[in-house]
Amino acid sequence: MKSEEIKVKKMQIMCKIIQKVCIFAGMKAAFMIAAPTSGSGKTTIARGLMALFASKDMKVQPFKCGPDYIDTKFHAAVCGRPSVNLDTFMATPEHIKALFSHYGEDADIAIVEGMMGLFDGYDRDKGSSSEIARILDIPIVLVVDAKSAAYSMAALISGFVNFRKDLRFGGIIFNKVGSARHFEMLKQVCEDLNIPCLGYLPKDTSLEQSSRYLGLDFSEQPETQKLITLLEKHVDWRALTPNFIPNVGMFYSQRGNNLFPTWEQSALLARNTESFSFVYQEAIDAFKSVRFFDPEKEVPDFNGIDLLYLPGGYPEKHLEALVKNETCRKAIKDFAESGGKIVAECGGMMYLCKRIVTDDGEYPMCDVLPYSISARKADRKLSLGYRQFELDGKKYRGHEFHYTQFMDEVPASVTQVYNAKGEPVATPVFRYKNVLASYTHLYNI
């Protein structure tokens, strides 16, 4: 082996040792992937960088700003660990910090994917990605769609970087770049603004993903390996680790009762790839113990559990399987009628109703609630937004997103539901015996 090769080999070994020491000392890299607007490509680049770092044998902890359940599915698929939602409407800043610290404690790198535009929140920039970046004090990597512009990007980027002085920007990644020459012009923008240019992702239609309902169709596998190759070639991903060390004081350990409410309960949770899959990871971790079952294939065993949890999802896409498992539906109805405690959200609530009607026919459900749900195309109507209400002295917060609707008139609610600004909305909440059900995905059940 030549002397130069020996030096390189020693340097590689030393780098690995330093990296392990830094990780052991809690010096973890963390940053947020955000964008000026939705559709800029932040989800593609965030997922790609997560997959890239994971391919380097690094423990990558993913996070998602806002209440979105679908992007987190992509995160978990490439990182091999659950993605955690960070939402300042549904949780306090202290809780956001605790979540970030708790779930990122053993990770080599934490990557937070923003939502919508960087400053878009439920009330101006309240609840926005920028608010979460400020709370966590982590740098922002801004993903900019540059497909139809060159030096004009200077005005846009300057506006975002200088709009708030309490934000840290770690650099720019350009998306949908047409050529190497196009990228050279974009690099001049970053040079003139004195902000790091971290690279780009070339325009490639195969990386564009179709939309369905809230976001991306996680039933379709994206071309992850191609994305990794492109990012490794065109993005200075190495600059994202040594130069993006977060504030060490952020990473304090908060576990158990300091992080979550005390749940002296054992839960039985419905879980399926699509029918019942929209549940916050921290909600699962808050229970004393959790067992899972698939309502499409299994019959629930209620022995030793305090709560049946039916989360949201897309049951309307798997109605034949749900109908076929009649034994499961009857067991859930009997559990409800006997006073069993049930929390059902959105798709879970639809499953408890009398029937779901589609363009193909009518499908009987559990018949715990005497309502019919329409999933017919002609009745599709978007219901979207944060929700809050009070019931039996407890305050609940959550998020609503669905296209299905109640047939005929909207049923009466046991309490008034409000949006994030405190304005009344027509979303009903149902209480039947020990069943609590609503279209709202609850954060604090």
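Reader: How many helices and strands does the secondary structure of the chain come to?
Author: This is a predicted model, so keep that in mind throughout. The chain has 12 helices and 24 strands. Of its 445 residues, 56% count as buried.

Reader: Let's start with the strands. What is the order of the strands in the open sheet?
Author: The general idea goes like this: strands of a sheet pair through backbone hydrogen bonds, and the pairing is either parallel or antiparallel. Here, 6 strands make an open sheet in the order E11-E10-E12-E13-E23-E22, with mixed pairing. At the edges sit strand E11 (289–293) and strand E22 (429–432), each of which pairs on one side only. From one strand to the next, the twist averages 15 degrees.

Reader: How many bridges join E10 to E11?
Author: Strand E10 (residues 266–270) is joined to E11 by 5 bridges, and the two run parallel. To find your place in that pair, look at Leu269, whose bridge partner in E11 is Phe292.

Reader: Which helix packs on the sheet?
Author: That's helix H11 (residues 326–337), which touches E11, strand E12 (307–310), strand E13 (342–345), E22 and strand E23 (435–438). The direction of H11 makes about 125 degrees with that of E13.

Reader: And hairpins? How many residues are between E14 and E15?
Author: There are 2 residues between E14 and E15 in their hairpin. Strand E14 (residues 353–358) and strand E15 (residues 361–364) pair in the antiparallel sense over 4 bridges. One of the spots to check is Ile356, which has Tyr363 in E15 as its bridge partner.

Reader: On to helices. Which residues in H6 are buried?
Author: First the rule: an α-helix has 3.6 residues a turn, so residues three or four places apart point the same way. Now the case: in helix H6 (residues 153–163), the buried residues include Met153, Ala154, Ile157 and Phe160. Viewed down the H6 axis, the buried residues fall within an arc of 140 degrees, so they line one face of the helix. Over on the other side of H6, Ala155 and Phe163 are exposed.

Reader: What do the buried residues of H6 pack against?
Author: They pack against strand E5 (140–145), strand E6 (169–177) and helix H7 (180–193).

Reader: How do I describe the way H6 and H7 cross? What is the angle?
Author: Two packed helices are described by the angle between their axes and the distance between the axes. For H6 and H7, the axes come within 10 Å and cross at roughly 40 degrees. That makes H6 oblique to H7, and the crossing is right-handed. At the side-chain level, Met153, Ala154, Ile157 and Ser158 in H6 meet Leu186, Val189 and Leu193 in H7.

Reader: Let's finish with single residues. Is His441 buried or exposed?
Author: His441 lies in strand E24 (residues 441–442) and is buried, with a relative accessible area of 4%. Leaving out residues up to four places away in sequence, His441 touches several others, among them Tyr69, Phe278, Glu345, Cys346 and Arg397.

Reader: Where is His402, and which residues does His402 touch?
Author: You'll find His402 in strand E18 (residues 394–402). It is also a buried residue, with a relative accessible area of 5%. With residues up to four places away in sequence left out, His402 touches Cys346, Lys381, Leu382, Ser383 and Tyr439. The C-alpha atoms of His402 and Lys381 are separated by 7.7 Å, though these residues are 21 residues apart along the chain.

Methods. Residues numbered from 1 in each chain as written. Predicted model: local features only at pLDDT ≥ 70, side-chain atom pairs only at ≥ 80, totals over all residues. Heavy atoms only, no water. Pairing = 2+ DSSP bridges. Buried < 20%, exposed > 50% of the residue type's maximum accessible area, 1.4 Å probe, protein only. Arc of directions from axis to C-beta. Contact = heavy atoms within 4.5 Å. Axes fitted to C-alpha atoms, helices over the stretch in contact; angles between N-to-C directions. Parallel < 35°, antiparallel > 145°, perpendicular 65-115°, else oblique. Left-handed = near helix turned anticlockwise from the far one by under 90°.
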